[in-house]
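Hello,

Here is the structure I said I would pass on. My notes on it follow below.

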Amino acid sequence: MNIRLENVAVALGKRDVVRSASASFAPGTLTGIVGPNGAGKSTLARAMLALVPHAGRILVDDVEVATMSRAELAKRVAYLPQGQTLHWPLTVERLVELGRLPHLAPMSRIGEADTAAIERAIERADVAGLRDRVATELSGGERARVLLARALAVEAPALIADEPLASLDPGHQIDVMELLQGEARAGGVVIAVLHDLTMAARYCDRLVLIDNGTVVADGTPAEVLTPANLKSVYGIDAKVELTGDWPTITTLGRSR
Ligand SMILES: Nc1ncnc2c1ncn2[C@@H]1O[C@H](COP(=O)(O)OP(=O)(O)OP(=O)(O)O)[C@@H](O)[C@H]1O
């Protein structure tokens, strides 16, 4: 499994939101997509799921996503969208079940393999205690973990998670990053859009830094999160320490 972006561009309305972005994502690697608000990270993620039209090429296992059926793409690339609102008062268990939809023939019921995948996802996202709750009545953090469980239930070889740490307490943030890292170690292509640079640096094998719709740096956290990049992209002064296994970042303030 591999995902490749070649000179990808996305226009929304009259705005060029993604411009000439190229990157490739290999199995066994947890890649963080980082960059400031409005940089185009979510749009790029959505383009990889063929949810917005793009120019250039987005290839999943060498096949252009725009030519794949929705179900075929959904089976290969699981997606955790950013800040999804839930409209239907389904139980958590039913909601996680929806992750199996790409595997089901029309009108067919879930089978043993589906049930096993649902149970694994519930376990790994730590939502067993919420199983019978109505999903629309959950807290923001509980909902985030349930939606992650739904994405995990797909058991796709690739996972794209857009801000999977939003609304999570520090313990669950660590759980989710360890889970994503575990997916990558098990051979998955795992991509996470992240705002927390400390978590990104600690857990990701690689970071892709997006600014103004394009890739401005791509490499290990230490290569990407330099004071110069943080200043030019985020407009912040930061101290980056490289003493441990990963860079630690202390934000000092806005650059003047
Ligand atoms: N439907 C749309 N029409 C026009 N512009 C849009 C539309 N949707 C998003 N945009 C703009 O595209 C740009 C990129 O948005 P995107 O959500 O991809 O950024 P992001 O990097 O994920 O930001 P954030 O970190 O704030 O979530 C933003 O400036 C946004 O205002």
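The face of helix α6 turned away from its buried side carries three exposed residues: Pro170, Gly171 and Glu178. Please keep in mind that this is a predicted model.

Val176, Met177, Leu179, Leu180, Glu183 and Ala184 are the buried residues of α6. They lie on the same side of the helix, because the arc they cover around the axis is only 155°. Their packing partners include the strands β3 (29-34), β7 (158-162) and β8 (189-193), as well as the helices α4 (112-124), α5 (140-153) and α7 (197-203). After α6 comes Gly187, which has a positive phi, near 105°.

Leaving aside residues up to four places away in sequence, Ala151 touches Ala78, Tyr79, Leu80, Gly99, Leu159 and Ala161.

Then there is the sheet. It is open and mixed, with six strands in the order β6-β7-β8-β3-β9-β10. β6 (77-80) and β10 (214-219) are at the edges, each pairing on one side only. From one strand to the next, the twist averages 15°. Within the sheet, β3 and β9 (residues 206-211) run parallel and are joined by four bridges; Ile33 has Val208 of β9 as its bridge partner.

Regards

Note on methods
Residues are numbered from 1 along each chain as its sequence is written. This is a predicted model: local features need pLDDT of at least 70, side-chain atom pairs count only at pLDDT 80 or more; totals for chains, interfaces and linings use all residues. A residue is buried if 20 or more other C-beta atoms lie within 10 Å of its own, exposed if 12 or fewer, and partly exposed in between; C-beta atoms are placed from the backbone. Helices (H or I, at least four residues) and strands (E, at least two) are DSSP runs, numbered from the N terminus. The arc is that of the directions from the helix axis to the C-beta atoms. Two residues are in contact if their C-beta atoms, placed from the backbone, lie within 7 Å. Two strands pair if DSSP finds at least two bridges between them. Axes are lines fitted to C-alpha atoms, for helices over the stretch in contact, and angles run from 0 to 180 degrees between N-to-C directions.
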